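Have a look at the sequence and the fold first.

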Amino acid sequence: LQGLGYKKLVTTPHMMSDFYKNTPEIINNGLVKMRRVLKEEKIDIELEAAAEYYLDFDFEAKLKEGKLLTFGHNYVLFELSVMNAPDFLDRIMFDMKTNGYNPVLAHVERYPYWYNDLEQYEKLMDMGVLLQLNITSLGGQYGPVCKRIAKSLVDNNMIDFLGTDCHNLNYVEMLKIALTDPHLHKLLQSEKLLNARSETR
């Protein structure tokens, strides 16, 4: 990733109550270990850690505790089921905002129940939700339909954050493929992206 020009990484391990049973302690301990390795290997890259929260039955309890792992200006990365849109999303977003968090919806291009209704993305934005796009989707990682939606969201100036979704080295190869995509360059040249702004650092 450093070879691709990355100077800072924010890792966001999944938090899902019945599958990815991470905690802030587990993630922060992992951050300490990884920073130590980077120093030992003399890899000059800044590393931070947050989490990608799944909006499951336990998320509201985490929210009420007020101990969500954030990055930048109190941004909270969260994801939804890819099968069904939650009917409580507006309430949860309101609770997040009133508790001082700025919600960021992960891989917004991967929710098929919104594919035929652009207004759904506009409703998210009206609720104060920031939209994050996986770069690898522009490279075709998740198929042609997902790629089409990703490009449509870029064309409609709806994307606030870019992410790598880099789970292993195979994803790095997909990142390299996506680097040639004109929509990625269009987004990078826009003034909308929040990745590089001081408030996210």
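What follows covers a sheet, a strand pair and some salt bridges.

Bear in mind that this is a predicted model: local features need pLDDT of at least 70, side-chain atom pairs count only at pLDDT 80 or more, and totals for chains, interfaces and linings use all residues. Residues are numbered from 1 along each chain as its sequence is written, and side-chain values use heavy atoms, with hydrogens and water left out.

**The sheet**

Six strands make up an open sheet, in the order β2-β4-β5-β6-β7-β8, and their pairing is parallel. At the edges you'll find β2 (14-15) and β8 (161-163); each has a single partner strand, so one side of each has no neighbour in the sheet. A word on terms: helices (H or I, at least four residues) and strands (E, at least two) are DSSP runs, numbered from the N terminus. Two strands pair if DSSP finds at least two bridges between them.

Now zoom in on one pair. Strand β6 (residues 102-105) runs parallel to strand β7 (residues 130-134), and two bridges join them. Opposite L105 stands L131 in β7.

**The salt bridges**

Side chains of opposite charge can pair when their charged atoms come close. Here, a salt bridge is a side-chain nitrogen of Lys or Arg within 4 Å of a carboxyl oxygen of Asp or Glu. How many salt bridges does the structure hold? There are eight, and the table lists some of them.

| Pair | N to O distance |
|---|---|
| R35 and E48 | 3.1 Å |
| R110 and D165 | 3.8 Å |
| K186 and D155 | 2.9 Å |

Take R35 and E48, which form a salt bridge. This pair links distant parts of the chain, with R35 in helix α1 (residues 24-40) and E48 in strand β3 (residues 46-49), 13 residues apart. R35 is partly exposed at 38% relative accessibility, and E48 is partly exposed at 29%. For the cut-offs, buried means under 20% relative accessible area, exposed means over 50%, and partly exposed is in between (1.4 Å probe, protein chains only).

D165 and R110 also meet in a salt bridge. D165 sits in the loop between β8 and α7 (169-178), while R110 sits in the loop between β6 and α4 (118-126), 55 residues apart. D165 is buried at 15%, whereas R110 is partly exposed at 23%.

Then there's the salt bridge between K186 and D155. K186 lies in helix α8 (residues 182-188) and D155 in helix α6 (residues 144-155), so the pair ties together parts 31 residues apart in sequence. K186 is partly exposed at 41%, and D155 is partly exposed at 43%.
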